[in-house]
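This briefing is meant to be read with the sequence and the model side by side. It moves from contacts that cross between chains to features inside single chains.

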4 protein chains.
Amino acid sequence: MSKGKVVLAYSGGLDTSCILVWLKEQGYDVITYLANIGQDEDFEAARKKAESLGAKKVFIEDLRTEFVEDFIWPAVQANAVYEDRYLLGTAVARPCIARRQVEIARREGAQYVSHGATGKGNDQIRFELTCYALYPEVKIIAPWRIPEFYNRFRGRTDLMEYARSRAPADLYLMTKNPEDSPNVQDVLEIEFKKGVPVKVTNMNDGISKNTALDVFSYLNEIGGKHGVGRIDIVENRFIGMKSRGIYETPGGTVLLKAHLDIETFTMDKEVRRIKQGLGIKFSELVYNGFWYSPECNFVRHCIAKSQENVEGKVQLSVLKGQVYILGRESPKSLYNEELVSMDVQGDYDPCDASGFIRINAVRLREHHRLQGLSSTKQ
Amino acid sequence: MSKGKVVLAYSGGLDTSCILVWLKEQGYDVITYLANIGQDEDFEAARKKAESLGAKKVFIEDLRTEFVEDFIWPAVQANAVYEDRYLLGTAVARPCIARRQVEIARREGAQYVSHGATGKGNDQIRFELTCYALYPEVKIIAPWRIPEFYNRFRGRTDLMEYARSRAPADLYLMTKNPEDSPNVQDVLEIEFKKGVPVKVTNMNDGISKNTALDVFSYLNEIGGKHGVGRIDIVENRFIGMKSRGIYETPGGTVLLKAHLDIETFTMDKEVRRIKQGLGIKFSELVYNGFWYSPECNFVRHCIAKSQENVEGKVQLSVLKGQVYILGRESPKSLYNEELVSMDVQGDYDPCDASGFIRINAVRLREHHRLQGLSSTKQ
Amino acid sequence: MSKGKVVLAYSGGLDTSCILVWLKEQGYDVITYLANIGQDEDFEAARKKAESLGAKKVFIEDLRTEFVEDFIWPAVQANAVYEDRYLLGTAVARPCIARRQVEIARREGAQYVSHGATGKGNDQIRFELTCYALYPEVKIIAPWRIPEFYNRFRGRTDLMEYARSRAPADLYLMTKNPEDSPNVQDVLEIEFKKGVPVKVTNMNDGISKNTALDVFSYLNEIGGKHGVGRIDIVENRFIGMKSRGIYETPGGTVLLKAHLDIETFTMDKEVRRIKQGLGIKFSELVYNGFWYSPECNFVRHCIAKSQENVEGKVQLSVLKGQVYILGRESPKSLYNEELVSMDVQGDYDPCDASGFIRINAVRLREHHRLQGLSSTKQ
Amino acid sequence: MSKGKVVLAYSGGLDTSCILVWLKEQGYDVITYLANIGQDEDFEAARKKAESLGAKKVFIEDLRTEFVEDFIWPAVQANAVYEDRYLLGTAVARPCIARRQVEIARREGAQYVSHGATGKGNDQIRFELTCYALYPEVKIIAPWRIPEFYNRFRGRTDLMEYARSRAPADLYLMTKNPEDSPNVQDVLEIEFKKGVPVKVTNMNDGISKNTALDVFSYLNEIGGKHGVGRIDIVENRFIGMKSRGIYETPGGTVLLKAHLDIETFTMDKEVRRIKQGLGIKFSELVYNGFWYSPECNFVRHCIAKSQENVEGKVQLSVLKGQVYILGRESPKSLYNEELVSMDVQGDYDPCDASGFIRINAVRLREHHRLQGLSSTKQ
């Protein structure tokens with residue numbers, strides 16, 4: 001008698017293969033699901049492996065376009081950076097992957113979903129909060145939190161973990177070591193509409209991309225070629241531990257710099273300030289796994305609203321791990337060369353600045369007066 | 001009959017020389033004051049020029065150490081960055097310079113102070129708010145806001161401005177072009193106590209510095225050699241204009257990266273979050289000229305409090321415009337390798353994570369329930 | 001020869017009558033404009049007075065409905081309170097009044113607008129920022145900041161001010177003294193949709209109102225009858241002075257309490273938290289005169305978005321200056337009696353709370369561990 | 001064989017008596033602990049009951065003074081209000097009670113602590129986070145989350161809960177119904193130093209109190225007599241449920257109003273704004289049980305710093321559930337009657353306001369210009 005159907009987020013690797021077999025042993029009908037979000041993977045080999053291990057059904061889903069459009073683009077609009085440094089790669093991928101998994105579970109009549117994330121990490125939370133939010137009645141099997149499972153397989157984890165942690169040179173899959181990267185820069189022009197890139201052109205060779213997926217892939221390629229976006233950080237996990245993370249986000253880093261530039265160029269100063277706070281909030285929510293929450297919906301809506309005029313082109317160079325902004329132009333720019341020029345007075349009367357400063361000083365002078373009085377007394 | 005004494009912030013350049021002469025013409029006794037905050041300048045030539053133009057007294061003040069200790073260090077503690085990009089170089093220098101100017105004015109019995117900042121910029125505000133805060137009765141003469149002055153000298157400004165703006169290649173004084181910078185990295189170790197650097201050691205050659213001024217100068221030197229900290233941005237001035245700024249902050253950039261790293265390593269996650277908000281506030285206040293304000297005092301105090309345990313060493317490499325964090329260590333680290341390890345369960349029970357996640361999902365599931373109900377009805 | 005047309009915000013009182021005459025003397029064609037936003041005023045007498053004093057045209061505009069719908073309702077949605085206490089009455093009225101004034105000025109071809117607000121207050125700013133935002137080329141004549149005017153009329157101001165300031169007993173126009181108010185409460189039910197009241201019913205006598213203007217007027221009447229919403233505060237003006245203010249906001253106070261209640265009942269906790277911050281920002285912007293600014297537009301949009309499900313009925317009693325919430329109901333409520341009940345376990349497993357708490361404690365215990373280590377060493 | 005010692009937070013009531021007996025049955029040596037934080041209770045009867053039920057030791061601790069000084073006073077300084085309405089009574093008491101419980105557990109060599117808080121509430125969290133923070137190795141027994149316990153005793157809970165929930169008229173222990181309260185107001189003068197009350201004087205009868213405990217008790221008495229501080233709200237629990245709460249905080253409400261007044265009178269506007277944000281954060285932390293956390297320590301320190309000049313006297317009347325501020329005075333006031341007066345120009349030049357407004361309008365006019373351009377194009 002089957003205990004029911006479970007949709008397992010399957011990677012093709014050792015640990016989720018162990019889980020597949022173990023779930024079968026426990027009496028579940030296992031449906032494996034592997035999402036293609038652009039990683040370098042032999043999907044057909046994974047399919048065969050899942051089938052050979054006893055999966056009842058195997059789903060391999062190409063989510064690349066929806067990943068870029070529905071998840072990465074909002075992060076670009078938000079200038080999403082967690083704790084001032086981490087560009088949220090995996091954190092943004094999880095809700096995308098889990099959303100489809102839940103759709104499959106509903107369609108296949110599966111009551112259960114399962115995953116291979118460990119019990120101390122963030123990914124378990126991102127995965128499960130998405131599942132609960134989109135499929136509240138779902139039951140989640142997290143083997144790395146089940147003693148019978150992890151006591152039995154701990155040895156293997158140790159091994160895998162060992163393999164992973166002792167090989168830092170191989171850690172980076174997308175980016176070259178900046179020391180070994182080319183000595184000749186690429187110059188790119190990225191065009192934005194509503195705060196998202198709609199086109200990238202390489203000024204060196206004229207290559208141009210204009211679909212979401214192509215633009216993002218190309219920026220990953222060029223950024224990677226020049227070693228852009230590597231970091232080695234200690235970060236604060238949601239569960240309250242500090243952990244070390246080594247990340248590479250080549251395309252994301254190029255986009256962050258370009259978006260920051262076109263945004264400041266086209267957005268009112270005070271709107272920007274409020275939006276900056278919302279972007280920090282967004283980053284925390286996404287890092288902590290709350291993509292599908294009322295508050296993240298709300299914040300995304302507000303941020304998207306702020307991007308209506310974030311439009312124009314940014315020119316930048318990429319070289320030796322660095323991105324340099326060279327210039328920008330926009331039909332929606334609030335930059336007024338004449339207004340700011342020292343040569344032209346225009347509509348601006350410098351005398352107004354005297355009043356402005358003196359009024360701003362009213363409070364400071366009063367404060368000083370009070371301090372003087374206080375010290376007189378003491 | 002003299003109109004009284006005026007202390008003029010004098011640079012030795014054309015524009016403040018014009019102001020010196022003009023103030024004399026207007027009947028003031030002019031005392032010039034030139035602050036040494038580390039810029040490359042022939043101070044003795046400036047003294048002679050001021051004297052030859054009729055200054056009654058000439059003050060040349062070495063503020064380098066107090067600039068680093070009293071102004072740059074608090075900015076390092078705050079991770080001060082304006083609008084996500086600008087590291088506040090000039091903004092931090094102004095209150096330092098004006099503070100001494102006001103001291104001289106009081107000591108010399110001068111009722112007036114004067115400066116050469118233009119009428120559309122931020123520096124006039126930073127300068128004058130400091131003066132009003134520390135010397136509330138002072139009278140300020142800002143010639144670039146006085147029509148008789150600027151109408152007469154506008155031609156010269158145009159010229160100077162022209163000279164300045166048409167020479168971007170020469171704009172950078174401290175940093176090499178990363179393309180021309182060495183192919184061999186410098187590896188530095190920076191030691192922090194209470195959130196400020198107390199020592200830097202170059203691991204390549206063993207050179208070491210341990211006074212505030214030496215540490216900062218050395219980081220400027222190494223950062224500059226490798227082309228670190230150049231930016232070309234559009235920023236929002238306090239007075240509501242957007243303007244283009246080209247800046248170089250080699251030492252500041254190295255310190256920002258190193259401080260962010262040691263801070264995250266040693267500071268509690270939630271303290272960090274609150275402190276991040278205070279740091280953004282601090283940056284806005286300093287940019288806008290409010291260093292000497294009750295709120296900036298308050299924020300500085302709070303930030304300093306947060307730094308009590310920010311202590312330890314950061315290793316980093318500098319190459320081709322980039323700063324890479326290599327590692328960090330601290331006696332006050334909150335990073336607990338055993339706690340975070342996947343090999344060791346320790347005091348942490350992975351089952352707790354299930355409860356944690358399910359409680360976090362209570363709200364999300366309720367929200368989904370409500371949406372389901374609503375849509376059923378409609 | 002006329003200097004041109006000026007539209008004067010005219011109150012019918014002594015001071016704006018002086019301004020009318022003075023503007024005529026200066027050579028302007030004066031168009032007076034008097035807004036009816038619900039104040040107790042003899043508008044026809046004011047018209048005659050303006051005409052007799054030489055106004056070329058007289059506009060009396062009924063703005064009551066648009067004042068409530070376009071200005072008060074957004075403030076209700078925001079729970080707008082300045083510095084924790086002031087409900088922003090006048091601050092909300094200014095942009096409403098100035099908006100129409102600018103429309104009249106454009107229509108009449110007037111280059112100038114004028115007003116009777118004093119030179120130390122907030123109203124001059126609220127008035128003028130609205131004018132500049134909606135009619136950037138406008139020229140503003142503010143007589144109380146023009147020495148020839150205020151030196152001549154200062155005596156009269158003194159007099160008026162004296163009259164105003166020495167008569168606190170008469171200060172309150174809308175509210176009874178709570179000591180003299182009825183001993184029998186009124187019980188009201190207010191119905192909200194999208195965060196604004198759409199209907200009020202008096203449960204005592206069945207009286208019911210359902211247009212924006214009628215609802216607001218009725219709440220002013222009932223609130224006023226029971227002495228609700230009087231405050232005597234010191235507040236911080238935008239220009240940096242502290243000033244004493246005595247205000248009455250009977251209807252606004254009832255609405256604030258009712259809206260807070262239905263909002264918390266229907267809005268997700270974390271959305272509420274973000275929205276609370278936006279509401280504080282909104283209050284500061286409105287107080288400071290920035291209703292018509294990009295950031296206030298943005299914040300209003302976000303707040304309105306948050307109100308989509310703020311729907312339902314609130315029952316409350318009004319008595320002796322107090323508003324007591326008696327109950328609330330909503331088709332969009334997130335309150336789930338079964339979930340929260342101690343009798344019913346339902347879908348909620350109390351054991352999950354153990355995990356939730358222990359994970360929340362990870363960080364606190366680590367912190368304690370570190371402090372222990374530190375103190376051991378020292 | 002004993003399983004070890006457990007310190008039980010004992011109330012003397014039915015539910016913790018059940019727990020006492022059950023813990024004994026489970027094989028623990030039970031030490032009961034009852035904190036006196038000012039509640040109306042027969043402590044000696046509780047002692048006898050605990051002894052008769054088999055407690056090995058009974059501790060009854062008078063925490064009243066430390067509760068007021070260490071817990072309520074910081075909440076007063078913070079203007080602590082959760083979700084705009086709840087004054088945090090119980091939330092502030094929990095860490096006070098649990099702190100002593102942990103001290104007793106350490107002193108008595110008990111490895112375990114226990115409490116009677118239910119599994120859906122906030123109090124379990126407040127209690128346990130305090131214990132984990134101050135005694136990280138402690139083991140917590142929460143019977144209402146243990147199935148063997150709650151399945152057995154559920155009937156009784158239902159009963160108790162029923163009793164509690166069906167008796168709203170008796171809910172209020174400290175406050176009279178405002179309808180039944182006196183018709184004659186009490187007028188109080190409260191004196192503050194560093195943001196906390198140091199003295200209260202009743203102007204009607206001259207009664208005066210000047211220790212922390214006496215001041216707070218007296219304000220509870222007077223507030224209670226006039227029916228001040230009753231609320232009926234829906235609130236958001238930490239665990240993500242909404243629940244209804246009926247609270248009375250007579251003394252706290254009087255203090256909140258008085259403290260807000262003296263604070264605004266003596267604190268710089270911008271410091272106040274930053275501190276307001278910290279106060280909201282503090283309230284959330286305390287509500288959620290994080291009194292003993294690094295971030296709450298940090299926030300408390302910052303808030304205390306902000307209170308250095310919050311000093312002076314506030315006069316207020318209390319009547320029929322309302323608190324009216326009548327006036328305030330302070331040696332540290334930033335209120336400058338001359339500066340704000342319309343009669344006296346003093347050091348303030350009204351012309352400065354023109355410049356101030358025009359500079360503030362620069363951005364608004366640019367925004368309008370851009371919108372005009374955009375609409376022209378489309």
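Which residue forms a salt bridge with C:Asp268? The partner is B:Arg363, and the closest N and O atoms of the two residues are 2.8 Å apart. The model is a predicted one, and the distances and areas below should be read with that in mind.

**Salt bridges that cross between chains**

- The pair of C:Asp268 and B:Arg363 runs from the loop between α8 (250–266) and α9 (269–287) of chain C to helix α12 (residues 350–377) of chain B, and both of these residues are buried.
- A salt bridge also joins the side chains of B:Asp84 and A:Arg272, with 3.1 Å from N to O; B:Asp84 sits in the loop between α3 (64–77) and α4 (89–108) of chain B, while A:Arg272 belongs to helix α9 of chain A.
- D:Arg363 is bridged to C:Glu295, and here the closest N and O atoms are 2.8 Å apart.
- Over all chains, the structure holds 108 salt bridges.

**The interface between chains D and C**

- In this interface 92 residues of chain D are in contact with 92 residues of chain C, and the two chains bury about 8500 Å² between them, with 56% of that area on carbon and sulfur atoms.
- Ten salt bridges are counted between chain D and chain C, together with 34 residue pairs in polar contact, where both residues have pLDDT 80 or more.
- On the side of chain D that touches chain C, helix α12 (residues 350–377) of chain D supplies the largest share, namely 14 residues.
- Sorted by class, that side of chain D is made up of 41 nonpolar, 20 polar and 31 charged residues.

**The interface between chains A and B**

- Chain A gives 92 residues to its contact with chain B, and chain B gives 92 residues in turn; about 8500 Å² is buried between these chains, 56% of it on carbon and sulfur atoms.
- The count of salt bridges between chain A and chain B is ten, and 34 residue pairs, both at pLDDT 80 or more, are in polar contact.
- Helix α12 (residues 350–377) of chain A contributes the most to the side of chain A that touches chain B, with 14 residues, and by class this side holds 41 nonpolar, 20 polar and 31 charged residues.

**Charged residues within single chains**

- B:Lys275 forms a salt bridge with B:Glu263, the closest N and O atoms being 2.7 Å apart; because B:Lys275 lies in helix α9 (residues 269–287) of chain B and B:Glu263 in helix α8 (residues 250–266) of chain B, the pair ties together parts that are twelve residues apart in sequence.
- Both partners are covered, with B:Lys275 buried at 2% relative accessibility and B:Glu263 buried at 1%.
- In chain A, A:Lys275 is found in helix α9 (residues 269–288) and is buried at 1% relative accessibility, and its side chain makes a polar contact of 2.8 Å with the side chain of A:Glu263.
- Leaving aside residues up to four places away in sequence, A:Lys275 touches several others, among them A:Gln77, A:His259, A:Met267 and A:Ile303.
- A network of salt bridges links A:Glu61, A:Glu66, A:Asp70, A:Arg99, A:Arg100 and A:Glu103.

**Strands in chains D and C**

- Strand β11 (residues 312–319) of chain D is mostly covered, with seven of its eight residues buried.
- β11(D) pairs with strand β6 (residues 186–193) of chain D in the antiparallel sense over seven bridges, and in this pairing D:Leu188 stands opposite D:Leu316.
- β11(D) is also joined by seven bridges to strand β12 (residues 322–329) of chain D, again running antiparallel, with D:Ser317 opposite D:Tyr324.
- β11(D) and β12(D) form a hairpin with two residues between them, and D:Lys320 in the turn has a positive phi of about 50°.

Terms used: Residues numbered from 1 in each chain as written. Chains lettered and ligands numbered in written order. Predicted model: local features only at pLDDT ≥ 70, side-chain atom pairs only at ≥ 80, totals over all residues. Heavy atoms only, no water. Buried < 20%, exposed > 50% of the residue type's maximum accessible area, 1.4 Å probe, protein only. Helix = DSSP H or I, 4+ residues; strand = E, 2+ residues; numbered from the N terminus. Pairing = 2+ DSSP bridges. Contact = heavy atoms within 4.5 Å. Buried area = accessible area lost by both parts, 1.4 Å probe. Salt bridge = Lys/Arg side-chain N within 4 Å of Asp/Glu carboxyl O. Polar contact = N/O pair within 3.5 Å; in protein donor to acceptor, adjacent residues only side chain to side chain. Nonpolar A, V, L, I, M, F, W, Y, C, P; charged D, E, K, R; others polar.
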